[in-house]
Amino acid sequence: MGAATRIAVKDLKLRIRDRSAIIIGIIAPLALAFIFDLVFGGAFTQQLELEFGLVDLDRTEISQGLGGVLEEVEAQGVLGVETYDSADIAEQAVSDGDIEAFILIEEGFGEGVVTNS
């Protein structure tokens, strides 16, 4: 047996004799697991449910494409998308708590993308 092995065996015997090995090896990990469960609880098991609004005042092919992307994300279950006719209605929905936020595509957005202005 090497010197390191003899020292490890001696320390292990001491830990078992004074029962600190049981505390460090079993009780402490279980206590920490219980504390982490209390602190983080269901933070990783609950599905995040986000509801967004979309106000498309531009109604061009480009803005409809952006709306199509949001609909694809909605189909994957990541978030919900509700379409509104005006920003005022969408703001009221945010105030009522129906949606968390909304995306406003202003008139001229598609032309600005094409002309880079």
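Which elements each supply at least two residues of the lining of the largest pocket? They are β1 (50–56), α3 (61–75) and β2 (79–84), where helices (H or I, at least four residues) and strands (E, at least two) are DSSP runs numbered from the N terminus.

Before going on: this is a predicted model, where local features need pLDDT of at least 70, side-chain atom pairs count only at pLDDT 80 or more, and totals for chains, interfaces and linings use all residues. Residues are numbered from 1 along each chain as its sequence is written, and side-chain values use heavy atoms, with hydrogens and water left out.

Back to the lining. α3 gives the most, with five residues. Among the lining residues are Leu54, Arg59, Glu71 and Tyr84.

Next, the salt bridge, meaning a side-chain nitrogen of Lys or Arg within 4 Å of a carboxyl oxygen of Asp or Glu. The count is one: Lys10 and Asp11 meet at 3.1 Å, N to O. Lys10 is partly exposed, at 44% relative accessibility, and Asp11 is partly exposed too, at 34%. The scale is relative accessible area with a 1.4 Å probe, protein chains only: buried is under 20%, exposed over 50%, partly exposed in between.

Last, Ile105, in strand β3 (residues 101–105). Ile105 counts as buried because its relative accessibility is 3%. Leaving aside neighbours within four places in sequence, Ile105 is in contact (heavy atoms within 4.5 Å) with residues including Leu54, Leu57, Ser63 and Leu66.

Key. 1 Å grid on protein atoms, 1.4 Å probe; cavity = no way out; pocket = protein on both sides within 12 Å on 5 of 7 lines; lining within 4 Å.
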